[in-house]
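I opened my notebook to look up a few things in this structure, taking the helices, the rings and the domains in turn.

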Amino acid sequence: MTEQNTTGGNNAGQYQAGGNRTGHGKREQNKALWLAKRSAPFEAGPAQVTAPAANEVVVRVRAVAVNPIDSLHGVQFLAVVPWLQFPAVVGSDVAGEVVEVGSGVTRLKPGDRVLGHAVGIEKSHNRAAEGAFQHYTVLLEHLVSAIPGTLSYEQASVLPLTLSTAATGLFQQDHLGLALPVADPPERSETVLVWGGSTSVGSNAIQLARNAGYRVVTTASPHNFDYVKSLGAAEAVDYHSSTAVDELVERIGTSPLAGALAIGRRSLAPSVAIAAKVPGRKRVTSAQPERVVRLRSPRARRPGVHVSGIWGGTLKDNEVGPAIYAGFLPGALASGAYRAAPEAVVVGEGLEAIPDAIRQLRSGVSAKKLVVTL
Ligand SMILES: NC(=O)c1ccc[n+]([C@@H]2O[C@H](COP(=O)([O-])OP(=O)(O)OC[C@H]3O[C@@H](n4cnc5c(N)ncnc54)[C@H](OP(=O)(O)O)[C@@H]3O)[C@@H](O)[C@H]2O)c1
């Protein structure tokens, strides 16, 4: 990585902060997994450590998980994150320890063990300093949760992006607008349909909806039925079945639908069909961004059913982000009301192992999250 590349564009705003020293008082250099341009391969190289703004924290990253969005290449960047400025550091899922906090941060302090959603690829941030795939990253304080001592960094790193995506879909007013999760939720009579409960997004959606008091009906392959039920689903149906829609309508029964979250390929049309048939709210939100939903699934729509597409980073700009990361998750992880799921599978150590983790993710996982330690 050339000096010119590491200091270009918005990413030129990085500067050397004073607080990041090892226990022996030696400054540890930051190192990042860079993408020099849209079609370039990942390349590990030096990076500066950026001081936190008032509402930010700097975290020494100990584990990262990989997501489909990390595997974008070439023109795919133009379709999904056209604004992304290169050289870029991507990655969203971080667990590690806080090393420095901004002047406005009172909830966290250096030494805290945390997980956090890194938002470097978000349009309003677009900053390499905030990507996950580096040793020191900058996180928004309100997208960071303290984790209990019993939870490993590896397991904690499975949560952030897919937790944010599920929370955005379930709780943002422009999507399902459901009641937020709390420590002792009232048992509600309404059902939430989570199509794709064994995905990472689905694993979070089931738990969030349950912790908000809703009954959950979901889909998964039969070998994952016990898994999704262990997360709180009342019913599970095999999405491969030709009768899946009818089975789900029957399992939802007379409990009014609070809304449906459609996750996975070809999940929107059946979810919309179910919402049209059962009593309750006719709202379906897809785990695909709105632009993708509009392009790929125009025929999935039906009159009378409201359809929306999620962008998992939008909760940083509204009440849902702090409600989940500051208000709900730390206590729920500590009490056991919320599990860091799915299971982390550590596939390597060091930034150089991340490209291979992304390659493995492309071949598919089932109720697992691929993790690299740093
Ligand atoms: N909009 C956003 O901001 C955002 C953010 C993150 C993810 N996403 C999207 O959300 C989706 C899920 O991502 P993820 O990381 O959670 O996935 P994942 O954990 O990698 O998903 C793996 C699981 O997908 C399930 N699956 C495969 N095909 C399915 C289908 N047609 N219907 C239902 N389930 C299916 C499999 O379940 P079984 O093994 O039980 O068959 C498997 O367990 C992806 O499309 C991803 O691009 C969107």
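Predicted model: local features only at pLDDT ≥ 70, side-chain atom pairs only at ≥ 80, totals over all residues.

Before anything else I wrote down what buried means here: a residue is buried when its relative accessible area is under 20%.

**Entry: helix H5**

With that cut-off at hand I turned to H5, where 11 of the 12 residues are buried, so this helix is largely enclosed by the rest of the structure. The buried residues of H5 include Ser200, Val201, Gly202 and Ser203, and Asn211 is also one of them. I then looked up the length of H5, which reaches 17 Å from its first C-alpha to its last, close to the 16 Å expected at 1.5 Å a residue. After H5 comes Gly213, which has a positive phi, near 95°.

**Entry: helix H10**

Next I looked at H10, which covers residues 320-335 and reaches 21 Å from its first C-alpha to its last, close to the expected 22 Å. Where does H10 bend? I found a bend of about 45° at Phe328, with a proline, Pro330, following within four residues. Among the buried residues of H10 I listed Val320, Ile324, Tyr325, Phe328 and Leu333, and I noted that the buried residues of this helix pack against strands E5 and E7 and against helices H4 and H5. The H5 of my previous entry is therefore one of the packing partners of H10, given that contact means heavy atoms within 4.5 Å. Just after H10, Gly336 takes a positive phi of about 90°.

**Entry: aromatic rings**

How many aromatic pairs are there? The count comes to three, and I looked up two of them. Trp83 and Trp311 form an edge-to-face pair, with 6.1 Å from centre to centre and 80° between the planes. This pair links distant parts of the chain, since Trp83 is in the loop between H2 and E4 while Trp311 is in the loop between E13 and H10, 228 residues apart. I checked the accessibility of Trp83 as well, and at 23% it counts as partly exposed.

The other pair I looked up is Phe328 with Tyr338, whose ring centres are 5.7 Å apart and whose planes are at 85°, so this pair is edge-to-face. Phe328 belongs to H10, whereas Tyr338 is in the loop between H10 and strand E14, 10 residues apart. Are these two residues buried or exposed? Phe328 is buried, with a relative accessible area of 6%, and Tyr338 counts as buried at 2%.

I also looked for charges over rings, and found Arg60 over the face of Tyr136, at 5.7 Å from the ring centre, and Arg188 over the face of Tyr214, at 5.1 Å from the ring centre.

**Entry: Ser92**

Ser92 has its place in the loop between H2 and E4, and at 3% relative accessibility Ser92 counts as buried. Leaving aside neighbours within four places in sequence, I found Ser92 in contact with several residues, among them Asp70, Gly116, His117 and Pro160.

**Entry: the two domains**

Last, I looked up how the chain is divided: domain 1 takes in 3-159 and 340-373, and domain 2 takes in 164-314. The centres of the two domains, taken over C-alpha atoms, are separated by 29 Å. Where the domains meet, 15 residues of domain 1 are in contact with 14 residues of domain 2.

Conventions: Residues numbered from 1 in each chain as written. Heavy atoms only, no water. Helix = DSSP H or I, 4+ residues; strand = E, 2+ residues; numbered from the N terminus. Expected span 1.5 Å × (residues − 1). Bend = angle between axes of the 7 residues up to and from the residue. Buried < 20%, exposed > 50% of the residue type's maximum accessible area, 1.4 Å probe, protein only. Phe/Tyr/Trp six-rings, centres within 6.5 Å; stacked < 30°, edge-to-face > 60°. Lys NZ or Arg CZ within 6 Å of the ring centre and 35° of its normal. Domains from an automatic or database assignment.
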